[in-house]
Amino acid sequence: MATIIPLHGLRYNEEKAGNIKDLVTPPYDVIDATAQEKYYQLNPHNVIRLEYGKKIPSDNDTDNRYTRAADFFRRWQSEGILKQEDEPALYLYQQQFDVDGKTMVRTGIICGVKLEPYENGVVLPHEETMPKHKADRLALMQACGANFSPIFGLYSDQERRIDHLLLNAVQDSPGSIDFTDELGHGHRLWVITDTALVEQVQKLMEEQRIYIADGHHRYETALNYARQNPDKPAAGYVMMTLVNLYDPGLVILPTHRLVVENKVDKQTLLANLQEDFVVEKTNATDVGKVIELMAGLAGFQDDGGTVHRQVFGLYVGENVYYTLTLRSEDIISRKMPTERSADWRKLDVSVLQKLILENQLGIDMQALAGGDAIKYTRDAREAVQVVDQGHCRLAFLMNPTLIAEVTKVAANGEKMPQKSTFFYPKLITGLVINKF
């Protein structure tokens, strides 16, 4: 099914550009104005100038963040700051990081993936997208003709045949890149040009579907760009980092919801929620303990094995937390959208969106798309802090979406509500650039 190709990737020439750790950034969508300025100051060749350039008041049609990115991109190539690979390559990429006190390693392959419309069933999404983000990414792609950051894709290889092939090939090699970033995460990259090995990986990948983990906006933008540029065959492929669903380092963290403003009284909300949820005030005064409590309530054992049920945390301010546990599966069958699959209806994010945000607070999908009613954070402590500071009224704390839930919903041809998953850590931007 999936078609992958090696890339004639562009990589930083550290002799001219500087240390690689000063040249890379996280993905653009997690960079705020303060971080953007920090990366600008870190190194004059930092990839921030390509991927997420500054806006300035004098911007116009001929001088703006996109035209400046294109100018930097051209100059850095001509000056040897960016150097193209001598031969087409697959890139084996490992990230080392800590979660809950455990050190983990996630392995991926950076390559080109043939763009396929979702309806073909080869590359599948799992989240909704927003038009304004796609317009921004399309303008950058039109100006530069390149992918500066890889889309994060998943494939299913239970025997880890592809991983073992590539890891065995590089086991005695130190790698072309090896550094630790500002967050303490390790990054290692190997360049694989062996034609026979590349062909083996391509053959094995033909059996696969690819599930988009992160980068839906960029994938849909790349599809749009390819349709607009049929004379550019290379634009029919997009740069991805592919990670095996069975990789022991694959981690999903939750994304918590913050209600910015709402007219519903908190006590009225708590009373109304009792129709569908068991609402319990906790004794915990620390959000970490509340998260542990939610996890315990969500997963329990019965005669049929482990059962997952929908549980949320609610922070109302002044160190007061509640747990909200769905009363019964029958509520899902009665109140969740019947046009959706059973897998979609059971998702925590779907239940929260329909039964709480929409039914109780009046925040429907249209309000969500506007981007002002709900804010998001991956940091539970930040969620609490924002409420305490008065910037938001309520925080709904989430358990993580399960990897099996992601693939089931995607295989059904459905999309989860936005910000349903946070694959941790994010892929770094700037290791490899795909020019077409």
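In helix 10, Val287, Gly288 and Ile291 meet Ala380, Arg381 and Val384 of helix 15, where contact means heavy atoms within 4.5 Å. The residues of this contact divide into four nonpolar, one polar and one charged, with Gly counted as polar and Arg as charged, while Ala, Val and Ile count as nonpolar. The model is predicted, with local features requiring pLDDT of at least 70 and side-chain atom pairs pLDDT 80 or more, whereas totals for chains, interfaces and linings use all residues. Residues are numbered from 1 along each chain, and side-chain values use heavy atoms, without hydrogens and water.

Helix 10 (residues 287-298) and helix 15 (residues 380-388) pack at about 120 degrees with their axes 9 Å apart; axes are lines fitted to C-alpha atoms, for helices over the stretch in contact, and angles run from 0 to 180 degrees between N-to-C directions. The two helices are therefore oblique to each other, the class left after angles under 35 degrees (roughly parallel), over 145 (roughly antiparallel) and 65 to 115 (roughly perpendicular).

Turning to the sheet, six strands form an open, antiparallel arrangement in the order 15-19-18-21-14-20, where strands are DSSP runs of E with at least two residues, helices are runs of H or I with at least four, and both are numbered from the N terminus. Strand 15 (277-281) and strand 20 (374-377) stand at the edges with a single partner strand each, so one side of each is left without a neighbour in the sheet. Within the sheet, strand 18 (residues 311-317) and strand 21 (residues 394-397) pair over three bridges, pairing requiring at least two DSSP bridges, and Leu314 has Phe396 in strand 21 as its bridge partner.
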